Amino acid sequence: QVQLVESGGGLVQPGGSLRLSCAASGIGFRIYDMGWYRQGPGKQRELVAGITSGGRTNYVDSVKGRFTISRDNAKNTVYLQMNSLKPEDTAVYYCNANLLTGLDYWGQGIQVTVSS
C-alpha cells in the first residue's frame, strides 16, 4: 500500500537545474520526516537533504546553497530543487520517508545525470 514515486529526473548540462518530486501514498505523510538520498557511481549512498515533519531542513555540505528541499503536505509531496548542477551530482536519487520507530520507506530511485 505504501508508495513513494519519484519524478523529474533526467539529463542536464552543468549549471542547469532540475526539480525532483516524490509523491507519497499509503502513509500519514504529515508526521513523517522526508529525505532525498543519492548514490553515485562507485560511491556510498548519502543523505542529500532532509526535511522533518515540522519543516526543519538539513543538507549535506556539498549541496548547500544549491539545493532546496521542501514539502507540500496538501499534496503529500516532497521536492528537491537542484540548481547549479555539477557533474558530481550525477547519481540515482531516492526518496525516503522515515518515522521515529525505525520505519523506512523508499522510492524506486530516479536517475539524474549532469553532463555536457
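Me: How many disulfides does the structure hold?
Reply: A disulfide is a pair of cysteine sulfur atoms within 2.5 Å. This predicted model, numbered from 1 along each chain as its sequence is written, takes local features at pLDDT of at least 70 and side-chain atom pairs at 80 or more, while totals for chains, interfaces and linings use all residues. Side-chain values rest on heavy atoms, without hydrogens and water. The structure holds one disulfide. Cysteine 22 is joined to cysteine 95, S to S 2.0 Å. The link is left-handed, with -85° about the S-S bond.

Me: Which strands hold cysteine 22 and cysteine 95?
Reply: Strands are DSSP runs (E, at least two residues), numbered from the N terminus. Cysteine 22 lies in strand 3 and cysteine 95 in strand 9, so the pair ties together parts 73 residues apart in sequence.

Me: Is cysteine 22 buried or exposed?
Reply: Buried means under 20% relative accessible area, exposed over 50%, partly exposed in between (1.4 Å probe, protein chains only). Cysteine 22 is buried, as is cysteine 95.

Me: What is the strand order in the open sheet of four strands?
Reply: Two strands pair if DSSP finds at least two bridges between them. Here the order is 1-3-8-7, with antiparallel pairing. Strand 1 (3-7) and strand 7 are at the edges with a single partner strand each, so one side of each has no neighbour in the sheet.

Me: How many bridges link strand 7 and strand 8?
Reply: Strand 7 and strand 8 pair over six bridges, in the antiparallel sense. Aspartate 72 stands opposite threonine 77 in strand 8.
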